[in-house]
Amino acid sequence: MRKTQRLATLGATAALVVTLGACSNSEQPSTAAPSTGAPATMSAPASAAAASTGVTTAADVFGPSCSALPQGGEPGSLDAMGPQPVATAASTNPLLTTLVTAVGKVPGLADTLNAAPALTVYAPVNIAFEKIPADTLNSVLNDQAKLGALLSYHVSGTRYDKDGLLAAGTTTELAGGTVKVGGSGDAITLTGGNGQAANVVCGNIPTSNATVFAIDSVLMPAS
């Protein structure tokens, strides 16, 4: 994401917390990239090298909501989303229709996400937004600055798969602030700066430039 966009979102984050802080449950992961610690003369095993990129395939997905995705080559299926950049892929995912609407309200955001080389995206599913009172949600959806800050808090500029997230323990978000990663196995939680957690309901979703983790609550930064 361009540096100017990132700076613009930072000023809006505090206002967003006041508006939504009491309304959502969430957690955040970390962006610090783990060091391999391997000597320069040694080659990492092929599996470790692949994992370090954060790139996933349809065989890597996990979580109870993955079964709700379309199957085969249908729009929104894992096979269809895999070759597409992240914003385009999300636009056909039936779990993410509210998120897609929100992204569309911030000019240029979808294009910026699609053009980024490697991202981790924490994508609140439709029921996550339903936890926010309608009046509050509509207020944020109609304020581009607040909405841009909210959405940017769900994107890390480092690409992780599930194992990478657990190893990192924390990710840094494009809006500033961090998200903590917890859990083990396929039970992964993300905790935002306000201390509220979200559960990953479908993780390791592959797209051409991002790995997506669908979550059941909207993440919030520290107040």
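The exercises below, each with a worked solution, concern a predicted model.

**Exercise 1.** Determine which cysteines the disulfide joins, where they lie in the chain, and what handedness the bond has.

*Solution.* Begin with the count: the structure holds one disulfide, and it joins Cys66 to Cys202 with an S to S distance of 2.1 Å. Then take the torsion about the S-S bond of Cys66 and Cys202, which is about 110°, so the disulfide is right-handed. Finally, apply the burial cut-off of under 20% relative accessible area: Cys66, at 12%, is buried, and Cys202, at 0%, is buried as well.

**Exercise 2.** Work out why helix α9 (residues 144–152) is described as largely enclosed, and what caps its N-terminal end.

*Solution.* First list the buried residues of α9, which are Lys146, Leu147, Gly148, Ala149, Leu150, Leu151 and Ser152. These make seven of the nine residues of the helix, so α9 is largely enclosed by the rest of the structure.

**Exercise 3.** Characterise the largest pocket by its volume and its lining.

*Solution.* Start from the volume, about 280 Å³. Of the 23 lining residues, Ala87, Ala90, Leu99, Val103 and Leu113 are the closest to the centre of the pocket. By element, α4 (86–90), α5 (97–104), α6 (109–115) and β1 (119–124) each supply at least two lining residues, and α4 gives the most, with four. By class, the lining divides into 19 nonpolar residues, four polar and no charged.

Conventions
Residues numbered from 1 in each chain as written. Predicted model: local features only at pLDDT ≥ 70, side-chain atom pairs only at ≥ 80, totals over all residues. Heavy atoms only, no water. Buried < 20%, exposed > 50% of the residue type's maximum accessible area, 1.4 Å probe, protein only. Polar contact = N/O pair within 3.5 Å; in protein donor to acceptor, adjacent residues only side chain to side chain. 1 Å grid on protein atoms, 1.4 Å probe; cavity = no way out; pocket = protein on both sides within 12 Å on 5 of 7 lines; lining within 4 Å. Points joined across faces, edges and corners; volume = space filled by probe spheres on them. Nonpolar A, V, L, I, M, F, W, Y, C, P; charged D, E, K, R; others polar. Disulfide = S-S within 2.5 Å.
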